[in-house]
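Visitor: I am new to this structure and would like to be guided through it by questions. May we begin once it is on display?

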Amino acid sequence: VFSGTNTAAGIAAVEGGQSDFSSSLVRLSPSDYALATDLQQLPLFVAGVAVIYNIPGMSAASPPLNLTTQLLVDVYLERVVSWSDPRIVELNPGFAGMLSNVPITRFVRKDSCGTNSIFTSALKSFDSNWTTAGSTVPGPNTNGMMRAVSGSVAVSTSVLWTPFSLGYVGPDSTLLFSLPSAQFVDPSTGQVQTLSTN
């Protein structure tokens with residue numbers, strides 16, 4: 001019987017004997033192996049995370065929003081809080097009229113999941129000031145513009161229904177909901193980057 005859950009729930013089900021196997025977006029930890037002596041992990045695929053956004057006037061068919069890795073970290077650390085921030089506008093001159101002086105609403109996953117683990121590990125690799133990497137909700141929320149929801153469908157639909165917001169999901173969700181996803185550029189060359197993290 002198939003049960004669609006998240007990474008943490010799948011691992012817990014195998015460790016607790018409720019399931020014979022599960023898929024996971026993250027590596028098992030030494031504590032996982034200690035809980036189940038016959039536990040095995042086999043690499044089958046590489047998972048990715050896309051940064052999705054809702055800027056009125058921009059769609060999945062539009063040229064993508066340009067960001068840098070540092071800019072993404074700064075958004076989630078609340079160093080950049082508005083779509084009209086000069087660094088965002090400079091990277092996206094074709095969309096200057098659409099980048100209004102409104103706060104950036106950030107949607108995050110509040111459930112323990114592999115997507116959070118991949119995303120926070122990436123942020124930590126981009127900037128040493130990002131101190132946490134794991135499956136918990138990332139970032140401060142002093143300005144009240146971070147909204148935590150459960151599941152990738154909730155993140156996708158929340159971004160879809162909330163103008164001037166962004167979030168992060170698996171690439172399959174961008175296709176399912178026809179959401180635009182950002183591309184990352186090297187600030188020194190202007191070239192699009194392919195990003196990876198362990």
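Visitor: At what angle do helix H3 and helix H5 pack, and how far apart are their axes?

Guide: The model shown is a predicted one. Two packed helices are described by the angle between their axes and the distance between the axes. For H3 (residues 69-76) and H5 (residues 114-126), the axes lie 9 Å apart, and the packing angle is about 115°.

Visitor: Are H3 and H5 roughly parallel or roughly perpendicular to each other?

Guide: The two helices pack at about 115°. Angles of 65 to 115 degrees count as roughly perpendicular. The relation of H3 to H5 is therefore roughly perpendicular.

Visitor: Across which strands does H5 lie, and at what angle does it run to E5?

Guide: Besides its packing with H3, H5 lies across E1, E3 and E5. Its direction relative to E5 is given by an angle of about 110°.

Visitor: In what order do the strands of the open sheet stand?

Guide: The open sheet is formed by 4 strands with mixed pairing. E1 and E4 (146-149) each have a single partner strand and stand at the edges, so one side of each is left without a neighbour in the sheet. From one strand to the next, the twist averages 25°. The order is E1-E5-E3-E4.

Visitor: Which residue of E5 is the bridge partner of Ala50?

Guide: Strand E1 pairs with E5 (residues 165-169) in the antiparallel sense, over 5 bridges. Within this pairing, the partner of Ala50 in E5 is Val169.

Visitor: How many residues of E1 are buried?

Guide: In a regular strand the side chains alternate between the two faces of the sheet. In E1, Ala50, Ile52 and Asn54 are buried on one side, and Val51 and Tyr53 are buried on the other, with both faces covered. E1 (residues 50-54) is largely enclosed by the rest of the structure, because the number of its residues that are buried is 5 of the 5.

Visitor: What covers the buried residues of helix H6?

Guide: The buried residues of H6 (residues 152-161) are Val155, Ser156, Thr157, Ser158 and Val159. Their cover includes the strands E1, E3, E4 and E5, together with helix H7 (171-176).

Visitor: Is Phe95 buried or exposed?

Guide: Phe95 belongs to the loop between helix H4 (86-91) and E3. Leaving aside neighbours within four places in sequence, Phe95 is in contact with Met58, Pro63 and Pro64. Buried means under 20% relative accessible area. Phe95 has 11% relative accessibility and therefore counts as buried.

Visitor: How far apart in space are Phe95 and Leu65?

Guide: In sequence, Phe95 and Leu65 are separated by 30 residues. In space, from C-alpha to C-alpha, they are apart by 8.5 Å.

Visitor: What percentage of the residues of the protein chain count as buried?

Guide: The protein chain has 7 helices and 6 strands. Of its 198 residues, the part that counts as buried is 41%.

Methods. Residues numbered from 1 in each chain as written. Predicted model: local features only at pLDDT ≥ 70, side-chain atom pairs only at ≥ 80, totals over all residues. Heavy atoms only, no water. Buried < 20%, exposed > 50% of the residue type's maximum accessible area, 1.4 Å probe, protein only. Pairing = 2+ DSSP bridges. Axes fitted to C-alpha atoms, helices over the stretch in contact; angles between N-to-C directions. Contact = heavy atoms within 4.5 Å. Parallel < 35°, antiparallel > 145°, perpendicular 65-115°, else oblique.
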